[in-house]
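Hi,

Here is the structure I promised to pass on. Have a look at it first, and then read my notes below.

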Amino acid sequence: MKMNRLQFQQGLSLKAFLANYGGEDQCEAAIESARWPAGFICPKCKGTRYCSYKRGRVKVFQCSACRKQTTLTEDTVFHSTKLPLTTWFLAMYFLTQNKNNMSSLELMRLLGLTYRAAWRIKHKLMQVMFEREQSTKLHGRVEIDDSYLGGEYQGKRGRGSENKVPFIAAVETNKQNNPVYALFSPVQSFGHSDVKTWASQKLAPSATVVSDGFWCFTAVTQIGCSHERHVVRKGTMKTQKMECFKWVNTILGNVKNAIVGTYHAFDFSKYPHRYLGEYQYRFNRRFDLAAMLPRLIAATVCTGRRPEVWLRTAEDWL
């Protein structure tokens with residue numbers, strides 16, 4: 001079998017990670033470079049002249065014009081953190097370079113933290129990944145399917161189950177019929193209006209959508225998309241074996257195995273957007289594993305503060 005060069009790419013080795021981000025000063029320099037690529041800019045007056053000093057472990061910048069003081073991590077996802085930046089960077093390394101998902105419990109053991117601290121880091125970084133993926137839109141040929149997370153309790157099976165979280169899986173393919181980008185979007189239901197809203201946010205009007213006969217997917221035509229509807233009747237070939245649904249079924253199986261195999265026995269109705277967004281973030285950046293960590297660092301300084309109380313109550317994914 002021919003070698004898949006994408007799977008065998010080097011990525012960022014632990015040795016290279018420690019050489020580039022192994023010290024607190026190196027992590028501070030990486031954040032400063034990501035936050036102000038062209039040099040410090042005062043958030044109040046936009047001045048560029050400043051002086052800096054250390055207040056304990058925190059680096060503080062003071063604008064020479066308006067005298068406003070700004071810490072290096074202020075208004076970033078690291079805002080008010082009491083943990084060393086090396087701990088954050090190590091967590092980002094594990095979440096970006098690991099092929100499978102990593103639970104908060106495993107992160108707790110690897111980082112030597114309490115479970116609550118590991119949960120907080122994990123969910124802040126997953127929120128960064130989710131928000132970074134919000135602007136992703138699919139073009140060209142797009143395979144879509146309906147799916148669910150959860151359902152471990154007794155009750156109705158399949159579509160309409162009250163024990164499951166519905167989400168839409170979509171995969172953009174290129175002219176060689178290879179997957180390029182994927183989307184995994186939780187929805188309130190598989191109703192016509194919900195699918196139309198999803199399509200208007202996630203699909204380019206020029207896209208050609210390939211789906212099974214589920215009636216709600218006809219809503220994509222209302223935003224201008226072309227629609228190839230393949231109705232599978234009883235007694236005929238299942239959609240899992242149809243070539244036109246090859247990639248959405250393959251990737252959907254992978255994301256379910258990754259999520260269910262990592263996060264055991266928990267309520268999927270809480271924060272499904274983050275768990276799906278984490279996998280989507282890594283999948284859409286799989287072409288350059290070594291660059292995934294620097295890209296995540298850049299995303300963390302653009303996301304803004306996300307305190308734990310907000311993380312535990314935020315349910316704005318619908």
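Before anything else, a definition: helices (H or I, at least four residues) and strands (E, at least two) are DSSP runs, numbered from the N terminus. With that in hand, you can find Pro186 in strand 6 (residues 179–186).

Some ground rules next. This is a predicted model, where local features need pLDDT of at least 70 and side-chain atom pairs count only at pLDDT 80 or more, while totals for chains, interfaces and linings use all residues. Residues are numbered from 1 along each chain as its sequence is written, and side-chain values use heavy atoms, with hydrogens and water left out.

**The overall picture**

The protein has 10 helices and 8 strands. Of its 318 residues, 48% are buried; buried means under 20% relative accessible area, exposed means over 50%, and partly exposed is in between (1.4 Å probe, protein chains only). The accessible surface is about 16,400 Å², and carbon and sulfur atoms hold 51% of that. Those areas come from the Shrake-Rupley method with a 1.4 Å probe, and for residues only the protein chains shown count as cover. Take the contacts (heavy atoms within 4.5 Å) between residues at least 6 apart in sequence: 62% of them join residues at least 24 apart.

**The cores**

In soluble globular proteins, nonpolar side chains tend to be buried together. A nonpolar core here is a set of buried Ala, Val, Leu, Ile, Met, Phe, Trp, Tyr and Cys residues joined through side-chain atoms within 4.5 Å. The largest one has 40 residues, and Tyr21, Phe89, Met92, Leu107, Ile121 and Leu293 have the most contacts inside it. Elements giving two or more residues to this core include helix 1 (14–21), strand 2 (58–63) and helix 9 (289–303). Helix 3 gives the most, with 8 residues. What does Phe89 touch, leaving out residues up to four places away in sequence? Its partners are Phe17, Tyr21, Cys27, Ala30, Ile31 and Ile297. There is also a second, separate core of 28 residues, which includes Val248, Tyr271, Tyr275 and Tyr279.

Helix 8 (residues 272–284) has 13 residues and is mostly covered, with 13 of its 13 residues buried. The largest pocket has a volume of about 1,000 Å³. On a 1 Å grid over the protein atoms alone, a pocket is an open set of points where a 1.4 Å probe fits, with protein on both sides within 12 Å along at least five of seven lines; lining residues have an atom within 4 Å of a point. Points are joined across faces, edges and corners, and the volume is the space filled by probe spheres set on them. Of the 26 lining residues, Leu6, Gln7, Lys99, Phe283 and Arg286 are the closest to the pocket's centre. Helix 7 (246–262) supplies the largest share of the lining, 5 residues.

Most residues other than glycine have a negative phi. Arg67 has a positive one of about 70 degrees, and sits in the loop between strand 2 and strand 3 (69–71). Tyr271, in the loop between helix 7 and helix 8, also has a positive phi, near 60 degrees.

Note on methods:
Expected span 1.5 Å × (residues − 1).
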